[in-house]
Each structure stands twice: as structure tokens, then as C-alpha cells.
Amino acid sequence: MAVTLPEGNLETRLSRYLDGFNNRHGLEESSAEGNLVLIVVKPQDLPAVLATARETLGILHLSFITVVDRQGSFELTYELLDLRGAQVRVKTTLEGEEPVIDTVTGIYPTANWHEREAYDMFGVAFKGHPDLRRLYMWQDHFDHHPLLKSFEISTKRTFEGLR
Amino acid sequence: MLSEERRTEGTALTRPATGRLVDPDVRDEFGLETIDMNMGPQHPAMHGLLRLILELDGETVVRCDPVMGYLHRSKEKISENRMYPAVIPITDRIDYMNNIAMEYGYCLAVEKLLDVEIPPRADAIRALMNEFGRIMSHIPSIGFLMLELGAFTPILYAFRERERIQSLFEAVTGARMMFHYIRIGGVKADLPEGIPEKMWSYLEGLEQRFEPDFVDLIEGNEIFISRTRGVGKMTPEKAVEMGLTGVPLRCTGVEFDVRKHYPYGWYKNLDFDVITDEAGDVEASYRCRIGEVRQSIRMIKQILENLPEGEVLADLGRRLRPNEGDGIGRVESARGEYAVHVVSDGSDTPYRVHYRTPCTVNMQLLQEIVPGHYLPDIMPIMGLIDPVSGAWDK
């Protein structure tokens, strides 16, 4: 098989990933728990960290990118899998109302549509993306990013009165 | 029916997957042009509502650009505005061919936030229903593939099987399609009396019908082979690079199955094989699906033989308020890795729910492998990916 997937004990692999990230990059936070390695990085370091993950540590699969609108900042989660039991979760926070971050399509080509979706739903601009169009919404005549908390829906409900 | 050696050799029957492209210089000299064509969104073979913008050179596709969003129902926004248990019916409608897996992923994510223990019987029933759901989704997808190739019979057989499983599900859940059966903390209700026996006898019947109706009828068929072998061919490197999961990944020979490598629930106790194939074309994906149905039957029998006793729903109180943080539930749906990321802020409603549906990611493949194929090869390639409109559009 042409694709080399990681082998060996899960715990040694997790500590190898954790050390691999810690030795190469200045991380804001890092921890390993269960089968999960969680690292928090600065937005400008993110492409370099993901390049380390794929090229050096051999974590081949980008599962998804989640954007969370924290009203004033955006929290991005990049979930990586090594396809053999270990998860690596890379988090970063973008300050401000108009978030910009470098694309990772050069590292993980599958990020193409994940980033298009994030742009469509939150207006996160991915610098260097080859084809940054909206994925779901109309291409023209629609200026909103629907998953922003500022995009109010007409049937907003509260559950304050309930017990 | 083909003899075994012709079937395995088969080279005389297959044609190269790449169409002939006219040299751009020649094209200019003779004033030849490529034409743009819309395929869909309302096309009977588009698995729902998908529009493909195709650039054609004669009958060969030069560029394929999928346009999605025709069935976008803003599931993620709706989920932010509902209490935790009320999101489950929403997840049902994401992948409407394989609903149980969709509910399962969401419930796992919330349970991770709540940090609760699930009763073993509930775990076993979840796995049981999930595997039935896989059979219920894989068999029609084989039928759809054949329907798009012009064979009408397999879809009738496939829906006969799906109907029977739906009747079993109706007895268990009360619904035929949108089950709302898996709940946070367990399942809605225990299996009714007599249903495990009915499931067992159904499986025995399915095993008898499966070989003649779905294997012998299709596998050696000359037209099937000539339309699928070598079509949509991709390498394992490409498949991993594109982030594929599920059958499209496994048919290239990469062994990855969430049930095996990121086990959840009752799957830790089950004995099953991950089906892979080397060829990486449409025919290989068909063989993988056939193999997976067999594995599902094997798993259901194991579960039914050792069904634990006890409660089926953990008591979580009336109002769910998970701790702040992230919960990620990941399951193997019939189409690949389905993950739900729930972000909680400690209130009644999720702060953010992100659904990673396998169809959305697998569909990127269309841009990559369709160019170079003939126009009619798009149908079998759609059958390889087997997307569901509700799942790619969310």
C-alpha cells in the first residue's frame, strides 16, 4: 500500500505528536488526554503547525474545520486524525470582526471546501485559497453570513421561563 | 453470465477511463469549441438536488464544478436555537437514508459534554439499529447505481429489503423514516417483545436472498463490468489527500473505519472485518458495499446473541445543561466518517453545532476525477460516492 499509516502503541504515538509540536513551535497551550492531543496556537503559526502535522508527524487526515463566533472573536478548530486512533485538535482564535487567516489547502487539499463553507457561513477570509466562493448560499445579491450570532432569525426563542 | 476467467481478466470488456481530448492548437485551427452544460439541479440521477457545471469537449468532460445549496435547510443555525434533546429530530433529516447514524453522532457528542454512563443494553441496541441502518442504506445505493446504469430490477429488490427493515423499525421506533429513536443517555424504548426473533428470521431470509439478488445478478454482468471497471479510478494517495472516508476511501485499499479505529459504544465488543478493495474504481466500491452488508449481518447476529439485560435510558433529569466546552461525536455512517462538534456555553441550547457530513467532503472528488471521463460516466461515479442531498447540503 502506497499510503503509510502510523503504527505502534497509541500512547507512544500521542506523546510523539505532543513533543513534535512542542519542539518545533511556540504553542500557547498543549495537553494530551485520552486519545486526544489538544494544542492552541497563534493564528500566524497555524499553517506551519499543520505542515508539521502532515509532513513530519504523518497525520494524514483533516476531519473538519469548525468556526465558532464568540462575538468579537472567532475560534477555529482544526480536527486532525492519524486514522489509527489518535486525534489532534488544533485551536486558534482570530480577533476582530473581519477575520483573516492563511489557507491550509496547500497542506491538506481537503480543506478546500471546509474553508469555503467557513467563508460562506462566517465570512472568514482564507488568504491564498484557490477558489474562495460561497459553498451553500447564493453567489450574488446576498451579503450575509448566516451563522454569525449577529444574523438574527425571526423565530428566536428563549427558554428562560422553563423549569 | 460471464465465465470466471473472463470476469477476472475482463480486459477486452473494459475501455480506458480517460476520454480523448482535442489538442488546444488543433481546436483553435479548426474552430472547435468546448461547450458549457448544466447537469441538474433537477436531474433524476443526481441523488437529490445537485447542479454540475460541465465543460464538454465532444462527449468528454473537461471541467466539472459542483454547485451545492439547493437543499440547504440551515441545520446548524436551527440547532443553535433549540434545547439539546430537540436537536435530535433535526439530525434525523440530514442523511435521510441513514438516519440512525446521524442521531447517534449527535447523542455521542452531547454525552461527551455531559459525561454520562450509558446503560449497556442501550449501547447494544444502538449498535444493532445502526447496523440495520447501514444495510438499509447500502442495499438501495447498490440499487441506485444499477438504476443509473439502466438496470431496473435491482432497485426493486433493494426497496423490497428496505421496506422490510423499515417495518421492523416501525415496530421498534414507531416511525418508518424519521425515527427519533436514539436519545441522549440511551434509546427511546426497549425492543418490543418478539422483535429480536423477527429480526433474526429476517436476517436469515436476507442471507438467502442476498447472493442471488445482489451478487449473482450484478457481479458478472457484462454491461455492469464495462460501465464500471476502471471508471472513477483513483489512487490511495489521492483518496487520503482529498479527505475521503467510508467506501470511497476503503475501495482504494486504505483500511480506515471509525468503528474499528475510533471505536464507540458497543463496537468495542464486536468482531468484524474492515472490507477493503485494491482497484479504487466504481466496481470496487460495489464490492465493498456488498462486503459491508455481510459484515453488518454478522455484527447484528453477534449483538442479538448476547443482548445484555437492563435499563435502556439513563436518567439525566428534566433539563440538560452540559458543562462548557467541546463535545465531538464521531461515527461511521453508511457514507463515511460523520462527526458532530457541539460547543456548549452552559445554557439550555447548544452554542454551536457543526455537522461534518461525509457526503460534503467526498463530493470534492467530483472536481478531481470526473474531468477526462465521458459524460455518461458521471452516473457511476455518483454511485461510487453515493451522496445524499440532505447530507451534503445540511
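Visitor: What are the ground rules?
Guide: In this predicted model local features need pLDDT of at least 70 and side-chain atom pairs count only at pLDDT 80 or more, while totals for chains, interfaces and linings use all residues. Residues are numbered from 1 along each chain as its sequence is written, and chains are lettered from A and ligands numbered from 1 in the order in which they are written.

Visitor: What makes residues of chain B count as in contact with chain A?
Guide: Two residues are in contact if their C-beta atoms, placed from the backbone, lie within 7 Å. By that rule 34 residues of chain B are in contact with 28 residues of chain A. Strand 7 (336–344) and helix 14 (358–362) of chain B are among the elements that each supply at least two residues to this side; helices (H or I, at least four residues) and strands (E, at least two) are DSSP runs, numbered from the N terminus.

Visitor: Why are residues of chain A called buried?
Guide: A residue is buried if 20 or more other C-beta atoms, placed from the backbone, lie within 10 Å of its own. Of the 163 residues of chain A, 37% therefore count as buried.

Visitor: Which elements does chain A have?
Guide: Chain A has three helices and seven strands, in the order α-β-β-α-β-β-β-β-α-β from the N terminus.

Visitor: How do you know where the domains of chain B lie?
Guide: The bounds come from an automatic or database domain assignment, which gives domain 1 (4–67) and domain 2 (75–393) of chain B. Their C-alpha centres lie 30 Å apart. The contact takes 21 residues from domain 1 and 24 residues from domain 2 of chain B.

Terms used:
A residue is buried if 20 or more other C-beta atoms lie within 10 Å of its own, exposed if 12 or fewer, and partly exposed in between; C-beta atoms are placed from the backbone.
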